[in-house]
Amino acid sequence: MCGIVGLFLKNPALEAHLGQFTATMLEVMTERGPDSAGFAIYRGALPQQIKLTLRSDADFDFAEFAGALSASLDATVLLVRHDDHAVLSFAAALEARVRNEIARFPGLHIMSSGSAMELYKGVGLPSAVADRFGLAGMSGTHAIGHTRMATESAVTIAGAHPFSTGADQCLVHNGSLSNHNAIRRKLQRAGQVFETENDSEVAAGYLSWQMSQGARLDEALTAALSELDGFYTFVVGTKSGFGVLRDPVACKPAVMAETDDYVAFGSEYRALVDLPGIEHAHLFEPEPQRVYFWER
């Protein structure tokens, strides 16, 4: 049993409040997942720029690292630190060289890449995780989040959601896949790289692979219905899109709200009750096997 939330803003006037709304939604889902939490937020994309979200296993001098990178690359590398995570921003043409430098430090992990997405996750109560990274103060266009109750694996940061397996792509999942090992092997043969044994990372990797072949997010989700076995509710983010999919049985709870200002998802309605104008929203339960998809 885990909790999922998502918020896709249609109205730019609400973007300054995205983090505040998402933090509240995550905290409400604590009872569904008290052992770890995470979120991805989309914001601040610049032309020809890329962001890497990094996590350090131990105390690490991110500022010194960014300064050394700037000097060695003879280029500007911007740094914003959030506890044991940090976001590096730099010219997209330098990505391969930056990744090579990061690989020299075994305690550094790349959590996500892309021009818009930043990804943060940690062990602990959702409210504590959100506070550590300053989620309530973040602005942006859309966000997804997850509160985890581990049932089949250890409570670790690596096992927390969201999972990101492609640039500006991430997924949160409530459920369990029965054929994830077979799908993982198939995707690995196609060149997809996985960091964990988690079935949810396989789902993220499957969608990334589909989109790398030219599929739109809604097309990738449609293909997942015929290839991913098990029970699942997925909420997925891309640079410009937000998608939801439930398996044919749809045994995991889900509710959505749509207004002229936003689209919101929660594992339970109570995750949505503090959103502005919720009393006037179109509320509905996503249907099994139906792809829901919004794009900017």
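Biologist: Why are helix 5 and helix 6 called oblique to each other?

Modeller: Their axes cross at roughly 40° and come within 9 Å of each other. Angles count as roughly parallel under 35 degrees, roughly antiparallel over 145, roughly perpendicular from 65 to 115, and oblique otherwise, so helix 5 and helix 6 are oblique. The axes are lines fitted to C-alpha atoms over the stretch in contact, with angles from 0 to 180 degrees between N-to-C directions. The crossing of the two helices is left-handed, meaning that the near helix is turned anticlockwise from the far one by less than a right angle (clockwise would be right-handed).

Biologist: Before we go on, what kind of model is this?

Modeller: This is a predicted model, where local features need pLDDT of at least 70 and side-chain atom pairs pLDDT 80 or more, while totals for chains, interfaces and linings use all residues. Residues are numbered from 1 along each chain as its sequence is written, and side-chain values use heavy atoms, leaving out hydrogens and water.

Biologist: What makes E118 and R43 a salt bridge?

Modeller: Their closest N and O atoms are 3.0 Å apart, and a salt bridge asks for a side-chain nitrogen of Lys or Arg within 4 Å of a carboxyl oxygen of Asp or Glu. E118 sits in strand 7 (residues 117-123) and R43 in the loop between strand 2 (36-42) and strand 3 (49-56), so the pair ties together parts 75 residues apart in sequence. The whole structure has 19 salt bridges.

Biologist: Is E118 buried or exposed, and how do you know?

Modeller: E118 has 5% relative accessibility, so E118 is buried. The classes are buried under 20%, exposed over 50% and partly exposed in between (1.4 Å probe, protein chains only).

Biologist: How do you know that K186 and E227 meet in a salt bridge?

Modeller: The N to O distance is 2.9 Å, which is under the limit just given. This pair links distant parts of the chain, with K186 in helix 5 and E227 in helix 7 (residues 217-227), 41 residues apart. At 33%, K186 is partly exposed, and E227, at 23%, is partly exposed too.

Biologist: What about E268 and R270?

Modeller: Their side chains form a salt bridge at 2.5 Å, N to O. Salt bridges with shared partners join E31, R32, E268 and R270 into one network. E268 has a relative accessible area of 22%, so E268 is partly exposed; for R270 the value is 30%, again partly exposed.

Biologist: What makes V273 partly exposed?

Modeller: V273 has 36% relative accessibility, so V273 falls in the partly exposed class. V273 lies in the loop between strand 14 (262-266) and strand 15 (282-284). Together with Y269 and L283, V273 makes a nonpolar surface patch of about 240 Å².

Biologist: Why is A167 counted as partly exposed?

Modeller: A167 is at 48%, so A167 counts as partly exposed. A167 belongs to the loop between strand 9 (163-166) and strand 10 (169-177). A167 and G114 are 53 residues apart in sequence, yet their C-alpha atoms are 4.5 Å apart.

Biologist: And what makes A91 partly exposed?

Modeller: A91 has a relative accessible area of 29%, so A91 is partly exposed. A91 is part of strand 5 (residues 85-91).

Notes:
Patches are made of residues with over 30% relative accessible area and no salt bridge: like charges are joined within 9 Å, nonpolar side chains (Val, Leu, Ile, Met, Phe, Trp, Tyr) within 5 Å. Accessible areas come from the Shrake-Rupley method with a 1.4 Å probe; for residues, only the protein chains shown count as cover. Helices (H or I, at least four residues) and strands (E, at least two) are DSSP runs, numbered from the N terminus.
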